[in-house]
Amino acid sequence: MTRLMSGMHGLLVKDGAEGVLVAAMPAVGAVAVKIADGSQRARTPLLVAGLRRLGLAGRTLDDLAESAVLGGGRPLGPFVRTGQRLESQVDHLW
């Protein structure tokens, strides 16, 4: 998460156990992500989607919007957020 913080001045990010990740931008807002099965793979793309929903943008977010899905230690393809599922869940939780 150091890369995310260094690429976005003022952004604070803290990861936790069991698929938890939280980010906050002063005077903008905060995003918290919890992956139900504890997987780390989906955390960053979902966090990027949440930060974009707050109005943040930039190359760093573009670069982190996907994460690799591995099989036998080799990349098989990207994990990307699609559709509006994140928005409906966030609206429901708030």
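**Salt bridges, core and strands**

Visitor: Where is the place of G58 in the chain?
Guide: Helices (H or I, at least four residues) and strands (E, at least two) are taken as DSSP runs, numbered from the N terminus. On that numbering, G58 belongs to the loop between helix 2 and helix 3.

Visitor: What kind of model is this, and which pLDDT do side-chain atom pairs need?
Guide: Residues are numbered from 1 along each chain as its sequence is written, and side-chain values use heavy atoms, with hydrogens and water left out. The model is predicted: totals for chains, interfaces and linings use all residues, local features need pLDDT of at least 70, and side-chain atom pairs count only at pLDDT 80 or more.

Visitor: Is G58 buried, partly exposed or exposed, and at what relative accessible area?
Guide: Buried means under 20% relative accessible area, exposed over 50%, and partly exposed in between, with a 1.4 Å probe and protein chains only. G58 falls in the partly exposed class, its relative accessible area being 30%.

Visitor: How far apart in space are G58 and M8, C-alpha to C-alpha?
Guide: In sequence, 50 residues separate G58 from M8. In space, their C-alpha to C-alpha distance is 8.0 Å.

Visitor: How many salt bridges does a search of the whole structure find?
Guide: A salt bridge here is a side-chain nitrogen of Lys or Arg within 4 Å of a carboxyl oxygen of Asp or Glu. Under this criterion, the number found in the whole structure is three.

Visitor: Which residue meets D15 in a salt bridge, and where does the partner lie?
Guide: The N to O distance of this pair is 4.0 Å, between D15 and R43. The pair links distant parts of the chain, 28 residues apart, with D15 in strand 1 (residues 12-15) and R43 in helix 2 (residues 43-53). D15 is partly exposed at 38%. Buried at 7% relative accessibility, the partner is R43 in helix 2.

Visitor: What separates the closest N and O atoms of D62 and R52?
Guide: D62 and R52 form a salt bridge whose closest N and O atoms are 2.6 Å apart. The pair joins D62 in helix 3 (residues 59-64) to R52 in helix 2, ten residues apart. D62 is partly exposed at 49%, as is R52 at 37%. The separation asked for is 2.6 Å.

Visitor: By about how much of a helix are D63 and R59 separated?
Guide: The side chains of D63 and R59 meet in a salt bridge at 3.9 Å, N to O. R59 is exposed at 66%, whereas D63 is partly exposed at 38%. Because they stand four residues apart in helix 3, the separation is about one helical turn.

Visitor: Which residues touch the most other members of the largest nonpolar core?
Guide: A nonpolar core is a set of buried Ala, Val, Leu, Ile, Met, Phe, Trp, Tyr and Cys residues joined through side-chain atoms within 4.5 Å. The largest such core has 18 residues, and those touching the most other members are L4, L11, L47, L51 and L61.

Visitor: Which residues of strand 2 form the covered face?
Guide: In a regular strand, side chains alternate between the two faces of the sheet. V20, V22 and A24 make up the uncovered face of strand 2. The covered face consists of L21, A23 and M25.
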